[in-house]
Amino acid sequence: MRLKIGLATMQPAWKLILQQEGMDFEFVDLNDPVMIDDYSLLLINKPLDLVKRGNLNAFLMSGGAAIICAPVFAEMYHHKLHSTHRKFCLPSSDSIFADLGLIDFYTRFNWIDSKKVKDLDANLKIQYQKMGNGFVLILPFNVNSLISNTQSRRKKFPFDRKELPSEIVAKVSKGKIREIVFRCLQFLHDQRKIPLVQKWRFPNDWRNFFMFRVDTDFCTAEQATALYELCKKHKIRGTWFVDTVSQETLQQVYAKMPDQEIALHCRRHLVFPDYKTNKENIENGLSDLKEAGITVSGFAAPFGDWNENLARVLSEKGFKYSTEFTLDYDDLPFFPIVNNKAASVLQIPIHPMSTGRMHRSHFSKEEKWNYYKVYMDNCLLTGNPIFLYHHPSHGNLDIFDKIFRYVNLKQINSLTYQEYADWWQKKIDLKIELNYDKNEISSEFEKVPDNIQLRISKNEEFAFANLKTTINLEKLN
């Protein structure tokens with residue numbers, strides 16, 4: 001059978017999540033019958049007419065699986081619908097989502113009132129129903145509207161103390177929404193007893209990696225040099241998002257960092273609501289960098305701010321990537337949704353907590369180090385990349401000396417932002433046709449890709465494998 005997900009409607013947020021998770025998908029026209037081996041599951045986001053509904057039902061009754069949002073399910077199968085607004089929610093302690101913790105939604109939840117429908121998570125109102133030999137999983141929220149949300153708000157970040165640090169970040173927990181969707185996909189693959197295969201999020205055979213972002217606004221040449229020396233000491237290759245006010249600092253400090261990546265932060269440390277002023281600020285910064293002999297491919301907005309006019313300027317100026325935590329944080333890279341379609345500049349989310357924010361909440365040095373260690377350990381445990389950032393003007397070199405030592409102790413590989421953006425695009429561009437039969441996965445591809453591996457999960461186990469024409473699951477570790 002084909003290990004491919006069929007989208008009945010190509011909504012941009014679903015494409016975004018499936019690209020993040022490295023899963024194969026295509027549009028499926030339900031005007032024609034769909035065989036049980038054509039797709040591992042279907043995604044249904046709009047009501048279907050009688051012909052399409054009949055083909056969906058035949059697919060499900062014969063053993064297929066689908067994800068359907070609750071209002072669509074209620075309309076198609078004539079169920080009563082309950083509804084409420086949820087700012088945030090904590091998953092049920094006994095569900096497959098339990099470890100995700102508090103999730104910010106700020107949206108309307110809808111769920112089905114029927115004895116035929118069971119809870120996968122009673123708190124999140126995620127439900128499922130057996131239909132013949134198949135399964136339907138019912139989501140209470142609109143994934144497309146949540147992932148497309150560009151609003152921000154100040155949030156507190158959890159730690160084991162009374163006074164918590166805060167930052168203005170994306171209003172919706174998009175990284176956790178993605179994780180919910182992925183676990184739903186995994187649940188349905190397990191119900192069908194077929195493997196879920198992903199192009200994995202790390203290159204080579206890495207199990208994790210570390211990226212270090214430096215925002216140089218308001219720092220002196222001496223502060224920048226001191227942090228650079230610390231990076232060299234620990235062989236950390238960071239990405240420095242520089243302000244361009246001082247031509248002397250650009251030429252005497254940043255232009256002389258051959259083992260680091262230089263990117264643009266700002267000329268003026270502001271993001272503007274309009275296109276014209278954003279364009280002027282970025283063009284001035286690029287001109288300053290050109291005068292210093294520095295070329296860049298990345299951008300990080302002051303204060304982590306993002307808006308569609310900024311995105312338009314970045315696209316026109318040919319930036320490969322940007323990183324703004326008011327759009328998203330603690331997540332995998334993606335192309336933002338602008339005017340209901342994917343933008344051209346890759347967004348690379350980071351963990352948004354800085355030592356400056358912790359200082360405002362009266363953290364001791366030991367608490368700052370412990371906060372970062374807990375974050376890094378959690379990333380190692382969950383298989384999420386470690387993205388940290390720092391302002392040289394905040395000092396705290398002793399904290400980052402400990403962080404860099406820990407990265408090397410754990411043998412965590414390091415990448416610059418440009419390297420990761422280039423690799424991520426290569427991963428997206430790699431097209432693979434996967435088929436599953438008798439505990440073997442067969443693959444079709446143009447050539448063996450460099451530095452890309454597969455993650456194969458089935459029945460609560462997973463393994464990594466290099467891409468090749470045939471993979472025997474029994475021989476995987």
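**View 1. Glu-460 sits in the loop that connects β25 (453-458) with β26 (461-466).** The model shown here and in the other views is predicted, so that local features require a pLDDT of at least 70 and side-chain atom pairs count only at pLDDT 80 or more, while totals for chains, interfaces and linings use all residues. Residues are numbered from 1 along each chain as its sequence is written, and side-chain values use heavy atoms, with hydrogens and water left out. Helices (H or I, at least four residues) and strands (E, at least two) are DSSP runs, numbered from the N terminus. Although Glu-460 is not a glycine, it has a positive phi of about 65 degrees. Most residues other than glycine have a negative phi. With a relative accessibility of 80%, Glu-460 counts as exposed, where exposed means over 50% relative accessible area, buried under 20% and partly exposed in between, for a 1.4 Å probe and protein chains only.

**View 2. The strands β12, β25 and β26 form an open antiparallel sheet of three strands, in that order.** Because β12 (196-199) and β26 stand at the edges and each has a single partner strand, one side of each is left without a neighbour in the sheet. From one strand to the next, the twist averages 20 degrees; axes are lines fitted to C-alpha atoms, for helices over the stretch in contact, and angles run from 0 to 180 degrees between N-to-C directions. Strands count as paired if DSSP finds at least two bridges between them, and β12 and β25, which run antiparallel, are joined by four. Leu-196 stands opposite Ser-457 in β25. Helix α5 (residues 174-192) lies across β12 and β25, and runs at about 140 degrees to β12, with contact taken as heavy atoms within 4.5 Å.

**View 3. A further open sheet of three strands is built in the order β23-β24-β27, with antiparallel pairing.** Its edges are held by β23 (433-437) and β27 (470-472), each of which has a single partner strand, so one side of each is left without a neighbour in the sheet. The twist in this sheet averages 20 degrees from one strand to the next. Strand β24 (residues 440-444) pairs with β27 in the antiparallel sense over three bridges, and Ser-442 stands opposite Thr-470 in β27.

**View 4. The largest nonpolar core comprises 94 residues, and those with the most contacts inside it are Phe-210, Trp-240, Tyr-254 and Ile-403.** A nonpolar core is here a set of buried Ala, Val, Leu, Ile, Met, Phe, Trp, Tyr and Cys residues joined through side-chain atoms within 4.5 Å. When residues up to four places away in sequence are not counted, Ile-403 touches Phe-210, Trp-369, Tyr-372, Met-376 and Leu-388. Another core, of 47 residues, lies apart from it and has Leu-16, Cys-89, Ile-177 and Leu-196 among its members.

**View 5. Asn-396 lies in the loop between β21 (386-390) and α12 (397-409).** Asn-396 is not a glycine, yet its phi is positive, at about 55 degrees. Its relative accessibility is 11%, and Asn-396 therefore counts as buried.

**View 6. Helices α1 (residues 12-20) and α3 (residues 70-77) are shown with their buried residues.** Seven of the nine residues of α1 are buried, so this helix is largely enclosed by the rest of the structure; the residues concerned are Pro-12, Ala-13, Trp-14, Leu-16, Ile-17, Leu-18 and Gln-20. Just after α1, Gly-22 takes a positive phi of about 65 degrees. Helix α3 is mostly covered, with six of its eight residues buried, namely Ala-70, Val-72, Phe-73, Ala-74, Met-76 and Tyr-77. His-78, which follows α3, has a positive phi near 60 degrees.

**View 7. The largest cavity has a volume of about 60 Å³, and the second largest pocket holds about 340 Å³ of space.** On a 1 Å grid over the protein atoms alone, a cavity is a set of points where a 1.4 Å probe fits but cannot get out, whereas a pocket is an open set with protein on both sides within 12 Å along at least five of seven lines, and lining residues have an atom within 4 Å of a point. Grid points are joined across faces, edges and corners, and a volume is the space filled by probe spheres set on the points. By this rule there are five cavities of 30 Å³ or more. Residues lining the largest cavity include Leu-3, Ile-5, Met-23, Asp-24, His-189, Leu-196 and Leu-434. The second largest pocket is lined by 21 residues, of which Glu-167, Phe-303, Arg-357, Tyr-389 and His-391 lie nearest its centre. To the lining of this pocket β11 (166-170), β13 (209-215) and α10 (355-360) each supply at least two residues.
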